[in-house]
Amino acid sequence: MITAGVDVGSLTGKSLILKDNEILSWSLIPTGPDSSETAKETMDKTLKDAGLSLDDIDYLVSTGYGRVVVPFSDKNITEITCHAKGAHWFFPTVHLILDMGGQDCKGIRCDETGKVTNFAMNDKCAAGAGRSMEIMSELLETPLNEMGTSSLDIKKRLAPLSSTCVVFARSEVLGYLHEGTHKNDILAGACEALADRVYTLLKRVGIEGDFVISGGIAKNVGVVKRIEEKVGLKANICFEPQIVGALGAAVFAREILEKKAKRKKKRPR
Amino acid sequence: MITAGIDVGSLATKAVLLNEEKIISHEVLGTGIDIEEAVRKAMDQALDNAGISFEDVGSIVCTGAGKKKSPYESEEATEVMCDARGVLHLYPKVKGVIDIGGENCRVVKFDHEGNVIDFALNDKCASGTGIFLDAMAKALRVKPEEMGALSLQSTQDIEVTSMCAVFAESEVVSMIHRKMPKYDILKGIHKSIASRIYGLANRILLEGELVVVGGIAKNIGLVTILKELMNSELIVPEEPEIIGALGAALLAGERKG
């Protein structure tokens, strides 16, 4: 049985192919202006890597904010449900998930089967989302993938950036640079501020049990470390934290097919 | 007696000189990074405009976000108080003011003597402030001062759903990609800001005849929508930016007298 999941996020499109319970291939591409085009592109890439064509996929579930415009999807499921499912696949004991993408941040609680029991979300304000780190990366001329390590190599510990709004934080950072503050110290302040916001969000759903971080932010060790300190839990992170939603979608696709097969068995014609 | 009021805003610094409560000159300059320098420049320019020297000024009051960095021996007054005082001086019957500045938005309710009854403030989020409009102007490649008039040419309603300036920027860019008319996008942007300000005004039950001040009051597109939304008569003074500085200069006279 071959199933697939496509996760069209605000900044990145992800897709993944599952053969029974084994990951065959996956891909990540930046989201373009046309979400259905993005879905097609990432899926084509993933199919090519697996040496398959779209006809070989038995069932496909789409998720992410662009899930309704994926032209070849059999069903769409919300990203919160899919993230819990994907996190549970990687770490079966998980009860608390933080998923931070480009334009939103979710705190999710799930039961031992990976089913969502509660969640809290910020999709209104860039200050608590990955986009804030991208803006800091541009401003401080530090590549996104180096921000985390740079933020741990500091000379002086600053207070977390005090501006809530990213637009205002920009001026705050420029002020620091003007004073000659080292950019790593400022990066640390930015990571600290983001971790603070995450902590508040997670508190709303309850902090306990095994903890997973997914989404692009999981790749920023500076933010992850500070979140771990605040919540007092070790974060489990899989080998590619950005595909957790797409994986969850593919797992759902498989379960849907299995249910259908069972129903057929029960009522033979 | 000649008194001076200086309003050190996040984006612009304003100075007003009064002689016996009559405006003799005013000046508006960009604040920039060096606040002390901006205050000195605005003051010198205002003195120049009036043809008087610094020694002629009997008393100075500073207000605005940067009021603590004034290089002069001056007193301080809150922005809320200065707004109320400045508006009341020009419009003795009005009981409320909406101040839309570069990095914040403020609504103030006061009595006939200028005593503040209530106020609400947004200084945490760029949405509903001038810097939000600046960011959108940049995305649409129009001049900030032209946005208002252009938006009045809109023929259809579209909605900008993002509240956050950062997200709204991406939303607007995708609207441009989809070839939506500039005028309609501009109107959508103004509607989004107006609803934020309306929400703030509602928190203190602001109603009746109101005055809109601050740099953004010059944006006719925004004021038009705000008028419809609030169902109130909104007055925009000829120089909406200097009302806070005017209030400060009036307070300078009162405190000295």
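Predicted model: local features only at pLDDT ≥ 70, side-chain atom pairs only at ≥ 80, totals over all residues.
Local features are reported at pLDDT of at least 70 and side-chain atom pairs at pLDDT 80 or more, while totals for chains, interfaces and linings use all residues. Residues are numbered from 1 along each chain as its sequence is written, and chains are lettered from A in the order in which they are written.

Chain B contains eight helices and 10 strands (DSSP runs, H or I of at least four residues for helices and E of at least two for strands, numbered from the N terminus). Along the principal axes, the C-alpha atoms of chain B fill a box of roughly 60 × 35 × 30 Å.

Strand E2 (residues 12-19) of chain B pairs with strand E3 (residues 22-30) of chain B in the antiparallel sense, over eight bridges; pairing requires at least two DSSP bridges. Within this pair, Thr13(B) stands opposite Leu29(B). Two residues separate E2(B) and E3(B) in a hairpin, and Glu20(B) in the turn has a positive phi of about 50°.

The contact between the chains takes 12 residues from chain A and 14 residues from chain B, where contact requires C-beta atoms, placed from the backbone, within 7 Å. On the side of chain A that touches chain B, helix H5 (residues 166-178) of chain A gives the most, with four residues.

Key. Contact = placed C-beta atoms within 7 Å.
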